[in-house]
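I opened a new structure today and kept notes as I went. Here is what I looked up, entry by entry.

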Amino acid sequence: MTWRISFTKNASKFLETNQIPKEKVFELVTKAIRKLQGGDINIDIKKLKGEWVGFYRIRMGKIRIIAEFDFDNLAALIEQIDWRGNVYK
């Protein structure tokens, strides 16, 4: 049961610009998946509302990761990564 994790162009660009390794994001997304499947994992994840219905927010310090999870196809899409004040705009 292997998940496919993909990034949008904007998310990849943010990681490159701020020199954040993708492995760190992979680790957080993997923890988020385990928590959503009912595991007892310590990660700050929240289901979003409004314009972002169907997405989840993962907190990484002052950075926010907006992701969408497809449990039927075992795929996760990292839609947006940005600083706390900018990510929801």
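**Entry 1: charges**

I counted 17 positive and 11 negative side chains in the protein chain. The centres of the two sets lie 7 Å apart. Lys and Arg count as positive, Asp and Glu as negative, while His and the chain ends are left out. I placed each charge at NZ of Lys, CZ of Arg, CG of Asp or CD of Glu.

**Entry 2: what I am looking at**

This is a predicted model, in which local features need pLDDT of at least 70, side-chain atom pairs count only at pLDDT 80 or more, and totals for chains, interfaces and linings use all residues. Residues are numbered from 1 along each chain as its sequence is written, and side-chain values use heavy atoms, without hydrogens and water.

**Entry 3: the fold**

I listed two helices and five strands in the protein chain. Helices (H or I, at least four residues) and strands (E, at least two) are DSSP runs, numbered from the N terminus. From that end, the order reads β-α-α-β-β-β-β.

**Entry 4: size and surface**

The C-alpha trace spans about 30 × 30 × 25 Å along its principal axes. Next I checked the radius of gyration, taken over C-alpha atoms. The globule rule is 2.2 Å times the number of residues to the power 0.38. For 89 residues, a compact globule would come out near 12 Å, and the protein chain agrees with 12 Å.

Buried residues make up 40% of the 89. Buried means under 20% relative accessible area, exposed over 50%, and partly exposed in between (1.4 Å probe, protein chains only). The chain exposes about 5900 Å², and carbon and sulfur atoms supply 47% of that area. These areas come from the Shrake-Rupley method with a 1.4 Å probe.

I also looked at contacts, meaning heavy atoms within 4.5 Å. Of the contacts with a separation of 6 or more, 44% are between residues 24 or more positions apart.

**Entry 5: aromatic rings**

How many aromatic pairs are there? I found six. Rings of Phe, Tyr and Trp (its six-membered ring) pair if their centres lie within 6.5 Å. Planes under 30 degrees apart count as stacked, over 60 as edge-to-face, and the rest as tilted.

One of the pairs is phenylalanine 14 with tryptophan 83, edge-to-face at 5.7 Å centre to centre and 75° between the planes. This pair links distant parts of the chain: phenylalanine 14 sits in helix H1 (residues 9-17) and tryptophan 83 in strand E5 (residues 75-83), 69 residues apart. Phenylalanine 14 is buried at 10%, whereas tryptophan 83 is partly exposed at 39%.

Phenylalanine 69 and phenylalanine 71 form a tilted pair, with 6.3 Å between centres and 35° between planes. Phenylalanine 69 is buried at 10%. Phenylalanine 71 is partly exposed at 35%. Ring pairs link Trp3, Tyr56, Phe69 and Phe71 into a cluster.

Is threonine 8 buried or exposed? Threonine 8 counts as buried because its relative accessible area is 18%. I located threonine 8 in the loop between strand E1 (4-7) and H1. Leaving aside neighbours within four places in sequence, threonine 8 is in contact with Leu77, Ile78 and Glu79.

Then I turned to backbone angles. Most residues other than glycine have a negative phi. Glutamine 19 has a positive phi, near 50°. Glutamine 19 lies in the loop between H1 and helix H2 (22-36), and is exposed at 72%.

Leucine 74 also has a positive phi near 50°. I found leucine 74 in the loop between strand E4 (63-70) and E5. Leucine 74 is partly exposed, at 23%.
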